Amino acid sequence: MAAAPALTAVKDFAAAGEFEKKHTPFISVASEGDATMVTVEVGHEVPHPNGPDHYITFIELFAGMTPIARLDLSPEVTSPKVTLPCALPAGTVLRAVEHCNLHGWWTYETTL
Ligand SMILES: [Fe+2]
């Protein structure tokens with residue numbers, strides 16, 4: 001039986017190595033009027049490859065355990081970064097998940 005696919009959680013981005021930084025779906029948050037603008041970027045500080053043989057296939061965003069957005073990506077023509085206006089209460093745990101076609105699933109979270 002094959003091993004279950006791994007989901008790597010990066011807890012401390014600043015302390016992460018280059019390979020981890022390259023794959024972390026880094027979350028940043030900004031206020032814009034009544035909206036909370038949530039940006040998820042794979043390759044924050046250390047760019048991830050974006051060619052047909054090695055690329056990020058999707059980014060998902062969760063509020064707690066509830067999926068709230070998903071972005072499917074194509075290599076070369078899209079970059080693994082998305083900004084979404086969200087209406088979420090303070091204290092919400094935002095979780096981002098991304099998938100690299102070679103290196104599996106990665107997750108990162110922050111609290112509003
Ligand atoms: Fe990768």
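The protein chain has one helix and eight strands, where helices (H or I, at least four residues) and strands (E, at least two) are DSSP runs numbered from the N terminus. Walk along from the N terminus and the elements go β-α-β-β-β-β-β-β-β. The radius of gyration, taken over C-alpha atoms, is 14 Å, close to the 13 Å that the globule rule gives for 112 residues, so the chain is as compact as a globular protein of that length. That rule is 2.2 Å times the number of residues to the power 0.38. Along its principal axes, the C-alpha trace spans about 45 × 35 × 30 Å.

A word on what you're looking at: this is a predicted model, in which local features need pLDDT of at least 70, side-chain atom pairs count only at pLDDT 80 or more, and totals for chains, interfaces and linings use all residues. Residues are numbered from 1 along each chain as its sequence is written.

Now for the sheets. Start with the open sheet of five strands, which has the order S1-S8-S7-S4-S5 and mixed pairing; two strands count as paired if DSSP finds at least two bridges between them. Its edges are strand S1 (7–9) and strand S5 (66–72), each pairing on one side only. From one strand to the next, the twist averages 20°, using axes that are lines fitted to C-alpha atoms (for helices over the stretch in contact), with angles that run from 0 to 180 degrees between N-to-C directions.

Within this sheet, have a look at S7 (residues 93–100) and S8 (residues 104–111), which run antiparallel and are joined by eight bridges. The two form a hairpin with three residues between them. Thr8 has Trp106 in S8 as its bridge partner.

The other open sheet is made of three strands in the order S2-S3-S6, with antiparallel pairing. Strand S2 (25–32) and S6 stand at the edges with a single partner strand each, so one side of each has no neighbour in the sheet. Here, too, the twist averages 20° from one strand to the next. S3 and S6 are linked by six bridges in the antiparallel sense, and the partner of Met37 in S6 is Pro85.

On to the loops, and a bit of backbone geometry. Most residues other than glycine have a negative phi. Glu45, though not a glycine, has a positive phi of about 75°. You'll find Glu45 in the loop between strand S3 (35–42) and strand S4 (56–63). Glu76 is a further case, with a positive phi near 75°, and sits in the loop between S5 and strand S6 (81–86).

How open are these two spots? Burial is judged by counting other C-beta atoms, placed from the backbone, within 10 Å of a residue's own: 20 or more is buried, 12 or fewer is exposed, and in between is partly exposed. Glu45 is partly exposed because 13 other C-beta atoms lie within 10 Å. Glu76 counts as exposed because it has 9 C-beta neighbours inside 10 Å. Over the chain as a whole, buried residues make up 24% of the 112 residues.
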